[in-house]
Amino acid sequence: MRFSELDGATIGVWGAGREIRSFASQLHRRLPASRIAVVALDDAGATVAPQLIERGARVVTGLSVVAELGSCDAVVRSPGVSIYRDELRELRERGVPVTTATALWLAETGGAGVIGVTGTKGKSTTATLIAHIAGVAGQTVHLAGNIGAPVLDLLDTPLDDLVVLELSSYQIADLTRGPEVAVVTNLYPEHIDWHISDGNYRADKLRLLGLPGVRARVVNGRDAALVTDGRVCGDTACFGLPDGWDAVPAGIALDGTIVVASAHLPLRGEHNALNLCAALTALDVARVALPPLPAALQGIRALPHRLEVVADRDGIVWVDDSISTTPESTLAALQSFSERAIVLIGGGQDRAQDYTRLSRELAARDAAVIGLPVTGTRLVSAARSAGVPPERALEVPDMQAAVALARTIARGGSAVLLSPAAPSYNAYLNFEQRGADFRERIGA
């Protein structure tokens, strides 16, 4: 379904977030014969923007959602609303089309000139790197999706502009059209509550590679489970391998020749070096002539809450890596500060994370571990079992107590690292709010 095909339609929306608000604004401006008749919400107390209800739309919750949305010609869901919910399954069985703003935009534009980036981690950084380098190369670039502008705000974008689109699995799960270039940074278990199973999560991520409109594919060649997956076809370009863009101890290499020395890399950590390799590979297959390197990397900074050094006092660096919601991403964060003693603040929402490997690394690094509710209990227990002394693996009730304890443990040369290895939703609205709380507690 294309956005323009909604002209004259009676529409229901599920959710009231940024993407839905953009959809409502564009609908009212471009398709005045259409109307949003129903706004479905999971939270009865949620704030609904005026543009969603200014034409008399009904706001519904609970048991009436399916009945109300079932009377609409189409339903546009917020990405946070899982396609596996019984209500959406029932709507589809009734013949009601269910889509997203992202799917409408890609179908409308055909995906030409679009680089779509997904992955369990690194997609925001990779998308930002692509946009930055392409801009230095002289391209007119738009950064959109989960980072940047809502996609429907780009309906008037000229065809020769480049759009870099960050895509979550929530958005990919029911796309019918793909971007011209599809990039997958890495893939490991995450968001099982939304996808129901790891198998669904992998399938929903990797379906991006096989969608109509995809001309070129880029994947992480070091992710063995990714490159051996049958859905990754043979003509895919790989990064992280010696015969392409690769991260090596000396820097970034192309076919074995150093192009960017490690001293000139703009972001800390091997995982970010691989993100840069992904960006350069994507630009190559998108046929964008690369600007001179490393000069083109000047001005790149860490995105907020992603290995962001927010304070440096008395030889102690305080690092906000609140975006790290899996053990794998926290392991990458630890490796990024290999020269420093570590005080890790971890824990959050329980998604059955396996902390075994992370705990072994913490013990090997002689790290201190401070556990936040809820999974901090399991993290501390696993760390002690791996060999971290009990007096250096402690639980705390909240961020205030975590920062206070970290101050007593950290010494000159340490890094106090908020890298929770768990989502934030048990205590915060999102990882941004968690990172902001950390900054406030340390006075950054």
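This section describes the packing of selected helices, strands, nonpolar cores and aromatic pairs in a predicted model. Residues are numbered from 1 along each chain as its sequence is written, side-chain values use heavy atoms, and hydrogens and water are left out. Because the model is predicted, local features need pLDDT of at least 70 and side-chain atom pairs count only at pLDDT 80 or more, whereas totals for chains, interfaces and linings use all residues.

Helices (H or I, at least four residues) and strands (E, at least two) are DSSP runs, numbered from the N terminus. A residue is called buried under 20% relative accessible area, exposed over 50% and partly exposed in between, with a 1.4 Å probe and protein chains only. Contact means heavy atoms within 4.5 Å.

The largest nonpolar core has 47 residues, of which Val13, Phe23, Ile36, Leu52 and Trp105 touch the most other members. Here a nonpolar core is a set of buried Ala, Val, Leu, Ile, Met, Phe, Trp, Tyr and Cys residues joined through side-chain atoms within 4.5 Å. Two or more residues of this core are given by each of β1 (10-14), α1 (18-30), β2 (35-40), β4 (74-77), α5 (101-109), β8 (162-166), β9 (181-184) and α9 (198-206), and the largest share, 5 residues, comes from α5. Not counting residues up to four places away in sequence, Trp105 touches Val114, Val151, Leu152, Leu154, Leu155, Val163 and Leu165. A second, separate core of 33 residues includes Val218, Ile252, Val260 and Cys277. In soluble globular proteins, nonpolar side chains tend to be buried together.

The structure holds 4 aromatic pairs, a pair being rings of Phe, Tyr and Trp (its six-membered ring) whose centres lie within 6.5 Å, with planes under 30 degrees apart counted as stacked, over 60 as edge-to-face and the rest as tilted. The rings of Phe3 and Phe23 have centres 6.3 Å apart and planes at 90 degrees, so this pair is edge-to-face. It links distant parts of the chain, with Phe3 in the segment before β1 and Phe23 in helix α1, 20 residues apart, and both Phe3 and Phe23 are buried. Trp318 and Phe438 form a tilted pair, at 6.3 Å centre to centre and 45 degrees between the planes. Since Trp318 lies in strand β16 and Phe438 in helix α16, the pair ties together parts that are 120 residues apart in sequence; Trp318 and Phe438 are buried. Tyr84, Tyr170 and Trp194 form one aromatic cluster.

Helix α16, residues 431-442, has 12 residues and reaches 17 Å from its first C-alpha to its last, close to the 16 Å expected at 1.5 Å a residue, the expected span being 1.5 Å times one less than the number of residues. Its buried residues are Phe431, Arg434, Gly435, Asp437, Phe438 and Ile442. Seen down the axis of α16, these residues fall within an arc of 155 degrees, so they line one face of the helix; the arc is that of the directions from the helix axis to the C-beta atoms. The cover over the buried residues of α16 includes β15 (308-313), β16 (316-320), β17 (341-346), α15 (399-409) and β20 (414-418). At the start of α16, a side-chain oxygen of Asn430 comes to within 3.2 Å of the backbone nitrogen of Glu432, and the helix is followed by Gly443, whose phi is positive, near 75 degrees.

In helix α9 the buried residues are Tyr201, Arg202, Asp204, Lys205 and Leu206, and they pack against β6 (114-118), α6 (123-136), α7 (169-172), α8 (192-195) and α10. Ser169, found in helix α7, is buried with a relative accessible area of 1%. Leaving aside neighbours within four places in sequence, Ser169 is in contact with Thr118, His191, His195, Tyr201, Asp204 and Lys205. The C-alpha atoms of Ser169 and Asp204 are separated by 5.9 Å, although these residues are 35 residues apart along the chain. The side chain of Ser169 also makes a polar contact with the side chain of His195 (2.8 Å). A polar contact is a pair of N or O atoms within 3.5 Å; within protein, one must be able to donate a hydrogen and the other to accept it, and residues adjacent in sequence count only if both atoms are side-chain atoms.

Val219 has its place in strand β10 (residues 216-220) and counts as buried at 0% relative accessibility. Its C-alpha atom is separated by 4.9 Å from that of Val184, 35 residues apart along the chain.
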